[in-house]
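The following note concerns the ligand site and one of the sheets.

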Amino acid sequence: MLDERPAVGAAALPDGSAGTRPIHTIVIIGAGQAGGWAAQTLRSEGFTGRLVLVGEEMHPPHERPPLSKAVLSGAALPATTWLMKPDAFSALGVEWRPGTQVQRIDRTARQVLLSDGTAQPYDKLILCTGGRARQLDAPGADRVQLHTLRTIEDAQALAPTLAPGRSVVVVGGGWIGLEVAATARQQGADVVVVETQSRLCERTVPAEISDYLLALHSAQGTRVLLGTGVRGFARAEDGRSEVLLADGSVLACDTIVLGIGLVPNDELAREAGLACDGGVRVDAQCRTSDPDILAAGDVAVAPNPWAGRSLRLESWQNAQEQGMAAARSALGQAVDYQPLPWFWSDQYGMNLQIYGMPTPAHRVVQRGDAASGSFVLFYLAGDVVQAAIGPNAARVLRFARRLIEQRKPVDTERLADPATPMSKL
Ligand SMILES: Cc1cc2nc3c(=O)[nH]c(=O)nc-3n(C[C@H](O)[C@H](O)[C@H](O)COP(=O)(O)OP(=O)(O)OC[C@H]3O[C@@H](n4cnc5c(N)ncnc54)[C@H](O)[C@@H]3O)c2cc1C
């Protein structure tokens, strides 16, 4: 079944022939951040055909960062996370299917099968299925309530438990865990963070920044247990929850939050035979191994020259920019999506930003004094800045981004000197 409106795009045929196939219908799976931006971009780029946005959640496309910050603390309402005002969303003319799951992709018939029993044909399909919070399958996990934080409903369930006099154990000292810990402390709860690795955010930041985060949380009264595994959970006789640690000790608490990572929602793609490797593999045009199916956001594994390998970028920036890139690519536009990774985190009023991918091989140059609460660490190969991280240093980091993208050697003495304006570098 094809829409009768005129097709506004054309795609090269998969057999490589010079012919093109008109694009009548584009289906987006997942109405989160990447899916929302893909829909908006398809319209802003002039696609007037049928646009179907299928989303498991009941909410319109929205952003998740406030869910561990302002929404969790009650400072902002969930509706503030919506990507578009309701009028602007309706004006897109998108067939939005909330509360609907895509259950299968039939690549031969070029259609997706929905949980409401209907089939939806497509000419181009964009997978923006994101990921879900990883669960911990440990003994006793079924005897306590284990919170995770991915959705608006998760934030709404967790928020009332973060209050003065309540005790919270956060399992996992990564970004979500640390942001939940910070919000919980700010709400007056007693907080313990349990992390298996020997330092915080070990997967994503160098040791200097792990140390900085540890000092920040400790100064706020959060207990951080590093190198500590969880062997299970139990319910105490007084009804409180217990986290059983690998060293034999027990943490009694009112609330347990798991912040132990994300599982990409790539099952649909795998079952459809698309190339996957811890996520859906895409190229710099956001195309999967089927040229009529694209992917973007947390679910997509893309080549990244800044990292020197393919990886999934779990970030606000990537969800937006790759969603937009996938939309343009679906319309046959030239796309070369190879972003300089950018990530930020807000904890206790501190804003940390990261540009690029620091590695242990990089030389570190520091600008500013850690004691002042605002400094930047630059990571260099030779005299070329490859990455930069810093708390409360947004302005310096904006210049750092330019330095990284320009790939020009810098005078490292001047780089380290806060008296030298970044604009002069
Ligand atoms: C609590 C929290 C705080 C964060 N804070 C920051 C931050 O401070 N800075 C930062 O850079 N990044 C942050 N992030 C990361 C950022 O929000 C994500 O990278 C981004 O949301 C990914 O967008 P996405 O569209 O790929 O996935 P999502 O936004 O998760 O959207 C995927 C959607 O697809 C739907 N879906 C999945 N399968 C199906 C199916 N079969 N059928 C229909 N629908 C389906 C899901 O229900 C979901 O709605 C945070 C994330 C979380 C969870």
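1. Two strands are taken to pair if DSSP finds at least two bridges between them. In this predicted model, β11 and strand β18 (residues 255-258) run parallel and are joined by two bridges. Within this pair, H147 stands opposite V257 in β18.

2. The pair belongs to an open sheet of five strands, with the order β11-β18-β12-β13-β14 and parallel pairing. At its edges are β11 (146-147) and β14 (223-225), each of which pairs on one side only.

3. Turning to the ligand, 33 residues surround it, and the closest are A34, E57, K69, R150 and D298. By class, this shell comprises 13 nonpolar, twelve polar and eight charged residues.

4. An N or O atom in the side chain of K69 is 2.6 Å from a ligand oxygen atom. For R150, a side-chain N or O atom lies 2.7 Å from an oxygen atom of the ligand. At E56 a polar backbone atom is involved, 3.1 Å from a nitrogen atom of the ligand.

5. How much of the ligand does the protein bury? Taken alone, the ligand exposes 1000 Å², and the protein buries 95% of that.

6. As to its placement, the ligand lies between domain 1 (9-132 + 262-330) and domain 2 (135-258), because both domains give residues to the shell around it.

Note on methods: Residues are numbered from 1 along each chain as its sequence is written. This is a predicted model: local features need pLDDT of at least 70, side-chain atom pairs count only at pLDDT 80 or more; totals for chains, interfaces and linings use all residues. Side-chain values use heavy atoms; hydrogens and water are left out. A residue is near a molecule or strand if one of its heavy atoms lies within 4 Å of it. A polar contact is a pair of N or O atoms within 3.5 Å; within protein, one must be able to donate a hydrogen and the other to accept it, and residues adjacent in sequence count only if both atoms are side-chain atoms. Accessible areas come from the Shrake-Rupley method with a 1.4 Å probe; for residues, only the protein chains shown count as cover. Ala, Val, Leu, Ile, Met, Phe, Trp, Tyr, Cys and Pro count as nonpolar, Asp, Glu, Lys and Arg as charged, and the others, Gly among them, as polar. Domain bounds come from an automatic or database domain assignment. Helices (H or I, at least four residues) and strands (E, at least two) are DSSP runs, numbered from the N terminus.
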